[in-house]
Amino acid sequence: MSLETIFYIILSGIIALLLALFQYKYQRKNQGTINWILIGIRFLSVFLLCLLLVNPRFEKVVSYEEKPTLVVAVDNSNSVAYLEHDNQVKRLIESIDNNDELKERFHVDWYAFSEDLTELDTLDFKGKQTNLDRVFSDLTQIYRQENAPTILITDGNQTYGGDYSFTSEKYGQSVYPVILGDSTVYSDLKIQKLNVNKYAFLKNRFPVEAILVYNGEETVSSTFKVTVGNTTVFSKNVTFSPGDNSEVLNFYLSANQVGVFTYHAEIIPLENEKNTVNNTKNFAVEVIDQKTNVALVSAIRHPDLGALKKAIESNEQREATILTPEAYLENIDNYQLVIAYQPNTTFKKVFDSFNDFSRNVFYITGTHTDWNFLNSLDLGFKQTVTNQKEDYLAYLNLGYSNFLIEDIDFESFPPLQSTFGEVDYQIAANPLLFQRIGSVSTETPLLSTFERNQSRYALLLGEGIWKWRAQTYLNSKSFSEFDTFLGKLIQYLASTKKQSRLTVDYESFYEGNNNISLKAQYFNKNYEFDQREPLEVVIKDENSEQVTTYPLVLKNNFFEVDLSNLPPSDYSFTVKAVDENISTSGSFKILDYNVEQQFLNAEITKLNQVASQSQGKSFFIDDYDQIINDLLEDNRYKPLLKNNRIVVPLIDWKYLLALVVLLLGAEWFIRKYNGLI
């Protein structure tokens, strides 16, 4: 308590005493006992009221015991059940949960993981993928400031994500892996990976890469073959030994018909081989009869051009070529779409050719664009010419209707730069992205599409789109979201199909371990997105003839249905508007592949490495009792006695206010009883 506060407390006591004496000593000549009682009551009530005005603060130290957190993360993927360790995992969890000593020493947090890390509710061991890298990244964020030893119950087999042995180093906690498996080495042949493009072109040969791996202690021979139906299209004998336990096969297959074709790859199992699931793998290729060629025409060099080319060519159906205006004019007939990047006067003959050949064009402007030149042309838009530059942020127009688009967190993207000026559209344009300047959101288009004379156009008012692609990678560790967004825009611009009121977005085939969904958009007669119209999809299994109907659920600016529960097969579907006579049909294929069933042994070496580098210890599932004893005996995990200093202001003491009211009431009652009022 400060000296100033003590001074005010003493001053409050003096004031209270003087007021009490003045009223009951100076003004009243009767010096009986009642007066002294009233002086005491008045002194206390006034003094306490003054104290409340001064409001001194008192410190209180509270001691408490803080237990360390024991994190238990359980692998809920399909590989646990496939390797027949699910019952052992449940017994281990029950043993930890019922151990009173462990509960007394630790605060236990439970998690389950497969694709993502979630709080443990129930275990079904049906996870289609395992991402241990994500597990350690999430736990690092949660327990950054805590002492939290971690029991990791897993086989250590990861199907995607970064190397978790490196991610665990940043975790900063001791990790105790409980290994679901044993150290027995079984002879096993498997197809480690098949690399093949999703698309091939008619009358061409497409490459396939097969990575074959052997695990065993003897020299063995087998045959790798690829079949379509009953026809073998590729076959090769392979030999492995403990010192030469892998082989990479590169070969070509022919694409002779248009459509989706499923291939069956197999390496013939060894005699008495324990796991034969990983000896086979199906893959599919869609054969198409044409490729979309995109011309990136620019008179300047800019990183945007490289980003656009990579994004466009992420889809094997498309090829992008960076050209000068002069080079484009020499090969006009080779391209279905032209991207005119920051055009200037050197583009004059290029723009003349657009009129002659009815080209679809994507205009991208920026700080190097000659707007005087563009304004002199009849392009359907003009911009006020200024010498001022401006940065434009983006946000999605949820009412965009030309094709289905998802928000890929555009608001987190860096700004695009362009010259400042108002753009005047002389024809009806459909904004896809709006401009945001600083924190002010406008309804001025940043990216828009429009149609004119049976040709399709897009206009992007800003340079620096390469930063958007880089930001997408920072957000999601992949370029795919940006590439998909740009791919849909390119697909729309390169297409000559008439817009439909019901559009469906889907893949021709899916691998069985991936999430499967169909997305759709419905538009009213004015081609405005209508979220009130109920949509449903009728799915038919072409092999079993089973027909199932699912409703589509509204999600932001589109409808979606999750079909991940469908078994591998060939399917046809019809999406229809319930209240309108509008429908769209298609077909897709689900490949029979479960990545979680490709493993025969636990990843013992890597789990031991994680335990060693984190100063923990690894255990096999059969020795799970020992892990509890080690945690209880480890002095690093003793509870800590902590003191919490609490500052309490006097005004928070409600009982003090009640005492003041009681004193004033008693004073009034005594005076009334003795006829002093």
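Axes here are lines fitted to C-alpha atoms, for helices over the stretch in contact, and angles run from 0 to 180 degrees between N-to-C directions. The model is predicted: local features need pLDDT of at least 70, side-chain atom pairs count only at pLDDT 80 or more, and totals for chains, interfaces and linings use all residues. Residues are numbered from 1 along each chain as its sequence is written, and side-chain values use heavy atoms, with hydrogens and water left out.

**View 1. Helices H4 and H15 cross at roughly 30 degrees.** Helix H4 covers residues 86–97 and helix H15 covers residues 624–633. Helices (H or I, at least four residues) and strands (E, at least two) are DSSP runs, numbered from the N terminus. The axes of H4 and H15 come within 10 Å. H4 and H15 are therefore roughly parallel to each other. (Angles under 35 degrees count as roughly parallel, over 145 as roughly antiparallel, 65 to 115 as roughly perpendicular and the rest as oblique.) Their crossing is right-handed.

**View 2. A nonpolar patch lies on the surface.** Leu3, Ile6, Ile10, Ile14 and Leu18 form it, with about 520 Å² of accessible area together. Patches are made of residues with over 30% relative accessible area and no salt bridge; like charges are joined within 9 Å, nonpolar side chains (Val, Leu, Ile, Met, Phe, Trp, Tyr) within 5 Å. Areas come from the Shrake-Rupley method with a 1.4 Å probe; for residues, only the protein chains shown count as cover. Leu18 sits in helix H1 (residues 3–26). Leu18 is exposed, at 54% relative accessibility. (Buried means under 20% relative accessible area, exposed over 50%, partly exposed in between, with a 1.4 Å probe and protein chains only.)

**View 3. Asp378 and Arg452 meet in a salt bridge.** Their side chains are 2.8 Å apart, N to O. The pair links distant parts of the chain, 74 residues apart. Asp378 is in the loop between helix H11 (371–375) and strand E19 (381–383), and Arg452 is in strand E24 (residues 440–452). Asp378 is exposed, with a relative accessible area of 57%. The structure holds 20 salt bridges. (A salt bridge is a side-chain nitrogen of Lys or Arg within 4 Å of a carboxyl oxygen of Asp or Glu.)

**View 4. Glu406 pairs with Lys519 in a salt bridge.** The N to O distance is 3.5 Å. Glu406 lies in the loop between strand E20 (389–396) and strand E21 (416–419), and Lys519 in strand E28 (residues 517–522), so the pair ties together parts 113 residues apart in sequence. Glu406 is partly exposed at 29% relative accessibility. Lys519 is buried at 15%.

**View 5. Lys589 and Asp570 form a salt bridge of 2.5 Å, N to O.** Lys589 lies in strand E34 (residues 583–591) and Asp570 in strand E33 (residues 569–577), so the pair ties together parts 19 residues apart in sequence. Lys589 is buried, with a relative accessible area of 15%. Asp570 is partly exposed at 27%. Elsewhere, salt bridges that share partners join Glu406, Lys519, Lys555 and Glu560 into one network.

**View 6. Gln342 has a positive phi, near 50 degrees.** Gln342 lies in the loop between strand E17 (337–341) and helix H10 (348–357). Gln342 is buried, with a relative accessible area of 1%.

Key:
Left-handed = near helix turned anticlockwise from the far one by under 90°.
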